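Here is a short briefing on helix packing and charged side-chain pairs. Please keep the structure open while reading.

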Amino acid sequence: MGTRRAAAEYQRDVEFQAFTAGAAGRLLHAATLLTGDPAAAEKLLENVLAHTYANWFRMRSDDPYDQARTELVRRFAYRPWWRRPRGGALDRLTAQERLVVVLRLFEGVAEEQAAAQLGLPVERVRSICNRATATLRSRPAPPPARSVAEARAAAERARARPPQTPTGSLPQPPQAPPGGDPAPADEIQGAAS
(Lines give C-alpha, C1' and ligand atoms only; values in the text may rest on other atoms or scores of the structure.)
Protein backbone atom coordinates (compact mmCIF):
# COMPACT_ATOMS: atom_id res chain seq x y z
CA MET A 1 0.00 0.00 0.00
CA GLY A 2 1.35 3.38 -0.99
CA THR A 3 2.12 6.15 1.43
CA ARG A 4 -0.52 8.42 -0.09
CA ARG A 5 -3.24 5.84 0.20
CA ALA A 6 -2.29 5.03 3.81
CA ALA A 7 -2.38 8.72 4.67
CA ALA A 8 -5.77 9.13 2.96
CA GLU A 9 -7.23 6.17 4.82
CA TYR A 10 -5.83 7.45 8.09
CA GLN A 11 -7.42 10.85 7.38
CA ARG A 12 -10.75 9.11 6.58
CA ASP A 13 -10.62 7.19 9.85
CA VAL A 14 -10.00 10.37 11.85
CA GLU A 15 -12.77 12.28 10.05
CA PHE A 16 -15.22 9.39 10.35
CA GLN A 17 -14.55 9.01 14.08
CA ALA A 18 -15.20 12.72 14.56
CA PHE A 19 -18.40 12.42 12.49
CA THR A 20 -19.72 9.45 14.47
CA ALA A 21 -18.86 11.11 17.78
CA GLY A 22 -21.00 14.09 16.83
CA ALA A 23 -23.81 12.57 14.78
CA ALA A 24 -24.29 8.97 15.89
CA GLY A 25 -26.47 9.88 18.88
CA ARG A 26 -28.91 11.91 16.81
CA LEU A 27 -28.99 9.29 14.05
CA LEU A 28 -29.63 6.58 16.65
CA HIS A 29 -32.52 8.59 18.09
CA ALA A 30 -34.02 9.00 14.60
CA ALA A 31 -33.56 5.28 13.93
CA THR A 32 -35.22 4.42 17.26
CA LEU A 33 -38.18 6.65 16.42
CA LEU A 34 -38.50 4.95 13.05
CA THR A 35 -38.17 1.33 14.17
CA GLY A 36 -39.69 1.54 17.64
CA ASP A 37 -37.14 -0.99 18.90
CA PRO A 38 -33.69 -0.04 20.26
CA ALA A 39 -32.06 -3.27 19.05
CA ALA A 40 -33.44 -2.87 15.52
CA ALA A 41 -32.42 0.80 15.57
CA GLU A 42 -28.83 -0.10 16.47
CA LYS A 43 -28.68 -2.68 13.70
CA LEU A 44 -30.11 -0.18 11.20
CA LEU A 45 -27.62 2.48 12.31
CA GLU A 46 -24.69 0.05 12.06
CA ASN A 47 -25.60 -0.67 8.45
CA VAL A 48 -26.00 3.03 7.68
CA LEU A 49 -22.65 3.93 9.26
CA ALA A 50 -20.91 1.07 7.42
CA HIS A 51 -22.33 2.38 4.14
CA THR A 52 -21.27 5.93 5.02
CA TYR A 53 -17.75 4.79 5.89
CA ALA A 54 -17.41 2.83 2.65
CA ASN A 55 -18.52 5.87 0.60
CA TRP A 56 -16.58 8.48 2.59
CA PHE A 57 -14.16 9.34 -0.24
CA ARG A 58 -17.00 9.87 -2.73
CA MET A 59 -18.88 12.35 -0.54
CA ARG A 60 -16.06 14.80 0.03
CA SER A 61 -18.12 17.83 -1.01
CA ASP A 62 -21.41 16.62 0.47
CA ASP A 63 -22.53 16.81 4.08
CA PRO A 64 -21.91 13.38 5.64
CA TYR A 65 -24.85 13.81 8.02
CA ASP A 66 -27.26 14.40 5.14
CA GLN A 67 -25.87 11.40 3.31
CA ALA A 68 -26.19 9.20 6.41
CA ARG A 69 -29.75 10.42 7.05
CA THR A 70 -30.69 9.75 3.43
CA GLU A 71 -29.31 6.23 3.70
CA LEU A 72 -31.17 5.71 6.98
CA VAL A 73 -34.44 6.75 5.35
CA ARG A 74 -33.79 4.63 2.28
CA ARG A 75 -33.00 1.50 4.29
CA PHE A 76 -36.05 1.99 6.50
CA ALA A 77 -38.42 2.77 3.63
CA TYR A 78 -37.47 -0.28 1.57
CA ARG A 79 -37.50 -2.89 4.30
CA PRO A 80 -39.76 -5.94 3.86
CA TRP A 81 -43.36 -5.68 5.03
CA TRP A 82 -42.89 -8.28 7.79
CA ARG A 83 -40.33 -5.99 9.43
CA ARG A 84 -42.79 -3.19 9.99
CA PRO A 85 -42.10 -1.13 13.11
CA ARG A 86 -43.95 -1.95 16.30
CA GLY A 87 -43.90 -0.03 19.54
CA GLY A 88 -42.13 3.12 20.47
CA ALA A 89 -43.34 6.69 20.75
CA LEU A 90 -44.81 6.63 17.24
CA ASP A 91 -46.57 3.29 17.64
CA ARG A 92 -49.89 4.43 16.16
CA LEU A 93 -48.35 5.63 12.89
CA THR A 94 -47.73 3.71 9.70
CA ALA A 95 -44.19 3.34 8.38
CA GLN A 96 -44.69 6.15 5.85
CA GLU A 97 -46.15 8.45 8.50
CA ARG A 98 -43.18 7.68 10.76
CA LEU A 99 -40.77 8.64 8.00
CA VAL A 100 -42.50 11.94 7.32
CA VAL A 101 -42.84 12.84 11.01
CA VAL A 102 -39.21 12.03 11.78
CA LEU A 103 -37.93 13.91 8.74
CA ARG A 104 -40.19 16.94 9.07
CA LEU A 105 -40.61 17.36 12.82
CA PHE A 106 -37.59 15.70 14.42
CA GLU A 107 -34.93 16.37 11.79
CA GLY A 108 -36.39 19.68 10.57
CA VAL A 109 -36.14 18.83 6.88
CA ALA A 110 -38.09 21.16 4.57
CA GLU A 111 -41.20 19.76 2.85
CA GLU A 112 -39.62 19.98 -0.60
CA GLN A 113 -36.49 18.17 0.54
CA ALA A 114 -38.48 15.45 2.35
CA ALA A 115 -40.70 15.01 -0.71
CA ALA A 116 -37.66 14.62 -2.96
CA GLN A 117 -36.05 12.18 -0.54
CA LEU A 118 -39.19 10.04 -0.29
CA GLY A 119 -40.17 10.36 -3.96
CA LEU A 120 -43.55 11.91 -3.14
CA PRO A 121 -45.27 15.15 -4.18
CA VAL A 122 -44.96 18.02 -1.69
CA GLU A 123 -48.74 18.10 -1.12
CA ARG A 124 -48.70 14.40 -0.22
CA VAL A 125 -45.91 14.93 2.33
CA ARG A 126 -47.88 17.84 3.83
CA SER A 127 -51.09 15.79 4.10
CA ILE A 128 -49.26 12.78 5.60
CA CYS A 129 -47.61 15.04 8.17
CA ASN A 130 -50.94 16.67 9.07
CA ARG A 131 -52.69 13.30 9.39
CA ALA A 132 -49.86 11.87 11.51
CA THR A 133 -49.78 14.81 13.89
CA ALA A 134 -53.57 14.63 14.23
CA THR A 135 -53.26 10.94 15.08
CA LEU A 136 -50.60 11.66 17.69
CA ARG A 137 -52.68 14.44 19.25
CA SER A 138 -55.84 12.34 19.43
CA ARG A 139 -56.75 10.04 22.29
CA PRO A 140 -54.02 7.74 23.55
CA ALA A 141 -53.49 4.36 22.00
CA PRO A 142 -55.26 1.36 23.52
CA PRO A 143 -53.16 -0.76 25.86
CA PRO A 144 -51.05 -3.38 24.12
CA ALA A 145 -52.73 -6.70 23.48
CA ARG A 146 -51.89 -9.37 26.00
CA SER A 147 -51.16 -12.95 25.22
CA VAL A 148 -53.85 -15.55 25.83
CA ALA A 149 -51.96 -16.95 28.81
CA GLU A 150 -51.69 -13.51 30.46
CA ALA A 151 -55.40 -12.83 29.89
CA ARG A 152 -56.36 -16.18 31.42
CA ALA A 153 -54.13 -15.61 34.45
CA ALA A 154 -55.65 -12.14 35.00
CA ALA A 155 -59.18 -13.57 34.73
CA GLU A 156 -58.39 -16.31 37.26
CA ARG A 157 -56.90 -13.79 39.69
CA ALA A 158 -60.06 -11.69 39.39
CA ARG A 159 -62.25 -14.75 40.07
CA ALA A 160 -60.18 -15.82 43.09
CA ARG A 161 -60.62 -12.47 44.88
CA PRO A 162 -63.53 -12.28 47.34
CA PRO A 163 -66.19 -9.77 46.31
CA GLN A 164 -65.52 -6.33 47.73
CA THR A 165 -68.30 -4.50 49.56
CA PRO A 166 -68.51 -0.91 48.57
CA THR A 167 -67.70 1.65 51.21
CA GLY A 168 -70.73 3.21 52.84
CA SER A 169 -72.90 0.10 52.38
CA LEU A 170 -75.51 -0.88 54.90
CA PRO A 171 -74.53 -3.26 57.70
CA GLN A 172 -75.48 -6.87 57.20
CA PRO A 173 -78.13 -8.48 59.46
CA PRO A 174 -76.81 -10.82 62.16
CA GLN A 175 -76.10 -14.35 61.01
CA ALA A 176 -77.51 -17.45 62.65
CA PRO A 177 -75.11 -19.13 65.08
CA PRO A 178 -73.71 -22.35 63.73
CA GLY A 179 -75.87 -25.33 64.50
CA GLY A 180 -78.81 -23.44 66.00
CA ASP A 181 -81.76 -21.19 65.36
CA PRO A 182 -81.28 -17.47 65.25
CA ALA A 183 -81.96 -15.62 68.47
CA PRO A 184 -85.42 -14.06 68.72
CA ALA A 185 -85.59 -10.34 68.05
CA ASP A 186 -86.64 -9.67 71.70
CA GLU A 187 -83.43 -11.22 73.01
CA ILE A 188 -81.33 -9.15 70.64
CA GLN A 189 -83.13 -5.96 71.78
CA GLY A 190 -82.64 -6.87 75.45
CA ALA A 191 -78.96 -7.58 74.95
CA ALA A 192 -78.43 -4.25 73.20
CA SER A 193 -79.90 -2.23 76.10
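In this predicted model, helix H1 (residues 3-35) packs against helix H2 (residues 38-54). The angle is about 145°, and the axes lie 9 Å apart. The crossing of H1 past H2 is right-handed.

**Contact between H1 and H2**
- H1 contributes Arg12, Asp13, Phe16, Phe19, Thr20, Ala24, Leu27, Leu28, Ala31, Thr32 and Thr35.
- H2 contributes Ala40, Ala41, Glu42, Leu44, Leu45, Leu49, Thr52 and Tyr53.
- By residue type, this contact has twelve nonpolar, four polar and three charged members.

- Glu107 sits in the loop between helix H4 (95-106) and helix H5 (111-118).
- Is Glu107 buried or exposed? Its relative accessible area is 8%, under the 20% cut-off, so Glu107 counts as buried.
- Leaving aside residues up to four places away in sequence, Glu107 touches Arg26, Ala30, Tyr65, Arg69 and Val102.
- One of these neighbours, Tyr65, makes a side-chain to side-chain polar contact with Glu107 at 2.8 Å.

- The structure has nine salt bridges.
- One of them pairs the side chains of Arg26 and Glu107, at 3.6 Å from N to O.
- This pair ties together distant parts of the chain, with Arg26 in helix H1 and Glu107 in the loop between H4 and H5, 81 residues apart.
- Arg26 is partly exposed, at 40% relative accessibility, whereas Glu107 is buried at 8%.

- Glu71 and Arg75 join their side chains in a salt bridge of 2.6 Å, N to O.
- What separates Glu71 and Arg75 along helix H3 (residues 64-77)? They are four residues apart, which means about one helical turn.
- Glu71 is buried, with a relative accessible area of 6%, while Arg75 is partly exposed at 28%.

- Arg126 forms a salt bridge with Glu111, and their closest N and O atoms are 2.9 Å apart.
- The partners come from distant parts of the chain: Arg126 belongs to helix H6 (residues 122-137) and Glu111 to helix H5, 15 residues apart.
- Arg126 is partly exposed, with 36% relative accessibility.
- Glu111 has 15% relative accessibility and counts as buried.

**Network**
- Which residues do salt bridges with shared partners join into one network? The members are Arg26, Asp66, Arg69 and Glu107.

How values were computed. Residues are numbered from 1 along each chain as its sequence is written. This is a predicted model: local features need pLDDT of at least 70, side-chain atom pairs count only at pLDDT 80 or more; totals for chains, interfaces and linings use all residues. Side-chain values use heavy atoms; hydrogens and water are left out. Axes are lines fitted to C-alpha atoms, for helices over the stretch in contact, and angles run from 0 to 180 degrees between N-to-C directions. Helices (H or I, at least four residues) and strands (E, at least two) are DSSP runs, numbered from the N terminus. A crossing is left-handed if the near helix is turned anticlockwise from the far one by less than a right angle, and right-handed if clockwise. Contact means heavy atoms within 4.5 Å. Ala, Val, Leu, Ile, Met, Phe, Trp, Tyr, Cys and Pro count as nonpolar, Asp, Glu, Lys and Arg as charged, and the others, Gly among them, as polar. Buried means under 20% relative accessible area, exposed over 50%, partly exposed in between (1.4 Å probe, protein chains only). A polar contact is a pair of N or O atoms within 3.5 Å; within protein, one must be able to donate a hydrogen and the other to accept it, and residues adjacent in sequence count only if both atoms are side-chain atoms. A salt bridge is a side-chain nitrogen of Lys or Arg within 4 Å of a carboxyl oxygen of Asp or Glu.
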